[in-house]
Amino acid sequence: MALTESTTTSTRKKSAEIYQKSAKLIPGGVNSPVRSFKEIGISPMIVKRGKGDTIWDVDGNAYVDFCMSWGPLILGHVPDKIAIAGCERIMQGSTFGIATEEEMKLAEAITNAMPSMQKIRFVSSGTEATMSALRLARGYTGKEYIVKFSGNYHGHHDSLLVQAGSGVTLLPQSSSGGVPESVVKNTICLRYNDTEAVLELFRKSPHKDKIAAVILEPIAANMGVIPAKDAFLQTLREETKRTNTVLIFDEVISGFRVGWQGAQGMYGITPDLTCLGKIIGGGFPAAAFGGKAEIMDCLAPLGPVYQAGTLSGNPVAMVSGLLTLQEISKKGFYEDLLEKTNLIVQGVKAALRQKRSKNSVVQVGSLFTIYFGVDNPSSKEDLSSLNTELFRKLFIFLFENGVYIPPSNYEAWFVSSAHTKENLLKTRDLILTFINQNVF
Ligand SMILES: *Cc1c(COP(=O)(O)O)cnc(C)c1O
C-alpha cells in the first residue's frame with residue numbers, strides 16, 4: 001500500500017529514513033511484526049523517548065500513547081521512582097547468573113497477591129512462561145495433548161502457533177511457517193467461549209484421556225478484548241479437575257492489569273498454573289509461571305522437568321517489577337484507572353449507540369477495544385465481519401492528531417495511571433469527531 005503523503009514525507013522524515021535503513025538489515029525493519037504498521041500501510045514510527053502518557057518520535061512529534069509497550073507500562077513511561085531504583089540497581093551489577101534477594105521479594109509479592117501461585121519461577125518473556133508451563137504440565141501428567149482456543153495468543157513457540165482447522169476435518173493447522181505437523185498434531189484448538197466444544201472434547205473425543213493441559217487467556221486481549229464467559233471458565237475448571245488436566249491461565253496481559261488478583265480474582269476461579277509477564281517486569285524483560293507447589297516441584301533441580309535461563313530473574317527487572325506492584329497495590333489504584341478509562345469509553349459507547357451499523361466497545365478495566373462492524377464478539381470467529389478499513393482510517397486520523405493507538409485492530413488499548421484527564425478527553429473528542437464523520 002502506498003504511504004500517505006501527510007504521515008510520512010513532511011513531518012516524519014527521519015522515521016522514514018531510519019526505517020528504510022533498518023529494513024535492509026532487519027527483516028521487515030522490525031523485531032516484532034506488528035511494529036511495522038503493516039495493517040495500516042504507512043511507514044512505521046521510530047520512537048525516541050517517553051514520559052508519562054506521551055511518546056516522542058525521532059522527528060520530535062509527540063503522541064499520547066495507548067499502546068504502552070503492549071501493557072507493561074501501567075504506571076506510564078519512566079515513573080521517577082522506578083527509573084531511579086533501576087539505575088541504582090544497575091550500578092551494583094545488572095546481572096550475575098546467581099540468585100538474588102530481589103527474586104525472593106518479587107516472588108513473595110506476587111504469590112501474596114495471587115494465592116493460586118504457591119510457587120513461582122521467573123523467566124524473561126511471556127513466550128518462555130507459556131512454553132515452560134506446557135512442558136511442566138506434560139511432565140507432571142505424563143500426557144501429551146494441549147488444548148488452546150483460537151484467537152488466544154500465548155507467545156511464539158511451536159506448540160501454540162496453532163489455529164483451528166477449517167471445514168469438516170477440524171485438524172489443527174499451524175499458524176506459522178516452520179512449525180512441523182508432528183508438533184501441531186498434539187495441539188487441539190477450540191473456539192473461545194464454546195462450552196459445548198469443551199464438554200464434547202472431555203467427554204466424547206478419542207483424546208479425552210490424553211490431555212495434559214488447557215491453556216487460555218481468561219480475558220482474551222490479543223483479538224481486541226473478549227472476556228471469557230463465567231460458565232465457560234467454570235466448565236473448563238470442572239472438566240480439567242475431573243480428568244487430571246492442568247488448567248493454565250495465561251495472565252500475561254490480565255495479571256495485575258484488570259485487578260490486583262488478575263482475571264482469576266475477578267472470576268473467582270483458581271487455575272493450576274498461571275503465566276505472568278508484561279506488568280511484573282515494570283518495563284524490563286521479566287515474566288513468570290507458577291501455581292500449585294506439587295506441580296511446580298517437578299521442575300529442575302527438584303524434579304525431572306528441565307527449565308533454565310541466563311537472564312531469568314534479572315535483578316533490574318525484579319526491582320522495577322516490585323516497585324510497580326507496590327504502586328498498584330495502593331488503595332484506589334484500580335478505581336482511578338477505571339475512571340480514567342471510562343473518560344474515553346463511555347463517550348465512545350454512547351456515540352456508537354446512535355449509529356445504525358453494528359459496532360462495539362469492549363472494556364475490562366483499563367483494557368478496551370473498539371470494533372467497527374461487529375456486535376459484542378465472543379470468539380475470534382465472530383470477528384469475521386470486522387471493518388478493518390475503518391479501523392485503519394481511525395488509526396491514521398488519531399496518529400495525525402497526536403494520538404498513538406496499537407497499529408492493529410486485533411490488539412487492546414492500554415490506559416495507564418499516568419494518562420492525564422486532558423489527554424484522555426482530547427482523545428475521546430478526536431474519536432467522536434471521527435465517528436461522526438465516518439460511522440453511519
Ligand atoms: C504478550 C503475551 C505473551 C507473550 O509474551 P512475550 O513477552 O511477548 O513473549 C503471551 N501471552 C499473552 C496473553 C500475551 O499477551
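This is a predicted model: local features need pLDDT of at least 70, side-chain atom pairs count only at pLDDT 80 or more; totals for chains, interfaces and linings use all residues.
Mentor: Residues are numbered from 1 along each chain as its sequence is written, and side-chain values use heavy atoms, with hydrogens and water left out.

Trainee: Why is Thr187 called buried?

Mentor: Buried means under 20% relative accessible area, exposed means over 50%, and partly exposed lies in between, with a 1.4 Å probe and protein chains only. Thr187 has a relative accessible area of 0%, so the residue is buried. Thr187 belongs to strand β8 (residues 187-190); a strand is a DSSP run of E with at least two residues, a helix is a run of H or I with at least four, and both are numbered from the N terminus.

Trainee: What does Thr187 touch?

Mentor: Contact means heavy atoms within 4.5 Å. Leaving out residues up to four places away in sequence, Thr187 touches Ile146, Lys148, Ser159, Val162 and Pro172.

Trainee: What makes the pair of Thr187 and Ser159 a polar contact?

Mentor: A polar contact is a pair of N or O atoms within 3.5 Å; within protein, one must be able to donate a hydrogen and the other to accept it, and residues adjacent in sequence count only if both atoms are side-chain atoms. A polar side-chain atom of Thr187 lies 2.8 Å from the backbone oxygen of Ser159.

Trainee: Which residues surround the ligand?

Mentor: A residue is near a molecule if one of its heavy atoms lies within 4 Å of it. The residues around the ligand are Ser125, Gly126, Thr127, Tyr153, His154, Gly155, Glu217, Asn222, Asp250, Val252, Ile253 and Lys278. A polar side-chain atom of Thr127 is 2.6 Å from a ligand oxygen, and a polar backbone atom of Gly126 is 2.8 Å from a ligand oxygen. For Asn222, a side-chain N or O atom is 3.1 Å from an oxygen atom of the ligand.

Trainee: How much of the ligand does the protein bury?

Mentor: Accessible areas come from the Shrake-Rupley method with a 1.4 Å probe; for residues, only the protein chains shown count as cover. Alone, the ligand exposes 380 Å², and the protein buries 82% of that.

Trainee: Why are β1 and β17 described as standing at the edges?

Mentor: The open sheet has four strands in the order β1-β2-β3-β17, with mixed pairing. Each of β1 (47-51) and β17 (403-404) has a single partner strand, so one side of each is left without a neighbour in the sheet.

Trainee: How do you know that β3 and β17 pair?

Mentor: Two strands pair if DSSP finds at least two bridges between them. Strand β3 (residues 62-65) and β17 have two bridges, in the parallel sense. Val64 has Val403 as its bridge partner in β17.

Trainee: Is Phe37 buried or exposed?

Mentor: Phe37 has 2% relative accessibility, so the residue counts as buried. Phe37 is found in the loop between α2 (13-25) and β1. Phe37 and Pro407 are 370 residues apart in sequence, yet 5.8 Å apart in space, C-alpha to C-alpha.
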